[in-house]
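Dear colleague,

I am passing the structure below on to you, and I would be glad if you could look it over before reading my notes. The notes follow directly after it.

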Amino acid sequence: MDTLGFNRRKFLQLGSTVAVVSAVTPIAYGASLFKDDILKFSADNENLRLFSNENPYGPSQKVLDAIIKHTNRVNRYASFHTYDTNNLKKMIAERNKIKEEQVILGHGSFEILCMLTRTFGKEQNSIIVPATTFNVTAAFADRIFDHKVKRIVLDQEMNIDLKATKKAVTKDTKLVYICNPNNPTGKALPAAELESFCKEVATTTCTVAIDEAYIELMNPSDTPDTIKLLRENHNVLIIRTFSKAYGLAGLRVGYAMGSAETIALLNHEYYNFSGLIANPGVVAAITALNDTTYVDAYRKKNEEVRTYVEKSLDALGIQYLKSNTNFILMDVKDAKRFRSELKPFGFAIVPGGGKHYPNWARISIGRLEEMKIFLKVLDGMNWLKA
Ligand SMILES: Cc1ncc(COP(=O)(O)O)c(C=O)c1O
């Protein structure tokens, strides 16, 4: 077993065969190799989770070992020796060459996205978000406040429309939320465009929050240097998570990095009680940050499987968006039918495109074996390919 927790020898054998065959007929190859597996999965009633965009391989062995080793401390808050929330904040600050007071932790980045609503959304027109994105900050605002936030539709290519967003900013705007790469499209903004947007829009009165939940999965050379913007004192808030690339979704550890003033505002809204995250989560996150090769290995593996899926979708004639993440948004023509026809095979998915793209579906990238079965099922849906 290697760092990603699967049998490398078997995978390499499979990989080399796939490389030869997949260039021509990846679907036919998947079908012949896994023809019994669909039944096996559905018979076990183990739905394959092709939603939520989790890391299908789980965390590294070092992280699992550390969690198990420290289970006898779960009666304590996360403040013991090495595994202290302050140490985690310190590590994040050191890695990014910022100060400790520029870091806040949350129960997953989800909690931080809700902190944004509470902190910046009290007044009319104070928050701007893309209309199709990870809809937490805005949806929470819709629930707890009497007014709607401004939602900017994506452009023709389904990119976040930075020009229209900039135009929408007024003196009342306190927060602009950008998700990069965006969920559900998987598309990333060109680094230079995002950086110049932030330089103009992130001012003392307007925070630009950049949700980078999937940033570790991007090609590193295309990744915007948002930390540099922060170090240069632009009012950006960078939101990250241990849920995706680090494989720790179940332990709920997220964090944000921003100016000391913005972090103080978020802390204030939470009575300075934020960051008291679960003890095994702190153990896992600290160990994961020290396990430097793991994320690179997952990025490469994810890219390999994603490329396989993309080639297969090309062969099937199914339209999709080129992704920078561990999910792909596909045009499935009839999302309701697609979802219900996948269900009996044991696949759980979400439509994903929201109200602007109702017939698109967002599919998480699982293991190669899982994706082959999924593609085999798609191959059987002739209405989808028409
Ligand atoms: C863009 C984005 N941000 C934030 C989250 C929340 O992640 P977590 O709360 O697990 O850190 C997700 C989860 O799917 C996401 O896709």
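I begin with Ile 238, which lies in strand 9; helices and strands here are DSSP runs, H or I of at least four residues for helices and E of at least two for strands, numbered from the N terminus. Please keep in mind that this is a predicted model, in which local features need pLDDT of at least 70 and side-chain atom pairs count only at pLDDT 80 or more, while totals for chains, interfaces and linings use all residues. Residues are numbered from 1 along each chain as its sequence is written.

Is Ile 238 buried or exposed? Ile 238 is buried, because 24 other C-beta atoms lie within 10 Å (buried means 20 or more such atoms within 10 Å of the residue's own, exposed 12 or fewer, and partly exposed in between, with C-beta atoms placed from the backbone). Leaving aside residues up to four places away in sequence, Ile 238 touches Ile 210, Glu 212, Thr 226, Ile 227, Leu 230, Ala 256 and Met 257, where contact requires C-beta atoms, placed from the backbone, within 7 Å. Ile 238 and Gly 258 are 20 residues apart in sequence, yet their C-alpha atoms are 6.3 Å apart in space.

Strand 9 (residues 236-241) pairs with strand 10 (residues 253-257) in the antiparallel sense over four bridges, pairing being counted when DSSP finds at least two bridges between two strands. Within this pair, Thr 241 has Gly 254 in strand 10 as its bridge partner. Helix 6 (residues 108-120) packs on the sheet, where it touches strands 4, 5, 7, 8, 9 and 10, and its direction makes about 110 degrees with that of strand 4; such angles run from 0 to 180 degrees between N-to-C directions, with axes fitted to C-alpha atoms, for helices over the stretch in contact. The open sheet itself has seven strands in the order 4-10-9-8-7-5-6, with mixed pairing, and its edges are strand 4 (103-107) and strand 6 (150-152), each of which pairs on one side only.

A second open sheet has three strands in the order 11-14-13, with antiparallel pairing. Strand 11 (327-331) and strand 13 (350-352) each have a single partner strand, so one side of each is left without a neighbour in the sheet. The twist averages 45 degrees from one strand to the next.

Turning to the helices, helix 13 and helix 15 (residues 368-380) pack at an angle of about 10 degrees, with their axes 10 Å apart. They are therefore roughly parallel to each other (under 35 degrees counts as roughly parallel, over 145 as roughly antiparallel, 65 to 115 as roughly perpendicular, and the rest as oblique). Among the residues that meet there are Val 305 and Tyr 308 in helix 13, and Leu 368 and Met 371 in helix 15.

In the largest nonpolar core, which has 104 residues, Ile 127, Tyr 177, Val 208, Val 236 and Ala 285 touch the most other members; such a core is a set of buried Ala, Val, Leu, Ile, Met, Phe, Trp, Tyr and Cys residues joined through C-beta atoms within 7 Å. Helix 13 (residues 292-316) gives the most to this core, with seven residues.

Overall, the protein has 16 helices and 14 strands, and buried residues make up 46% of its 386 residues.

With best wishes

Technical notes: Contact = placed C-beta atoms within 7 Å.
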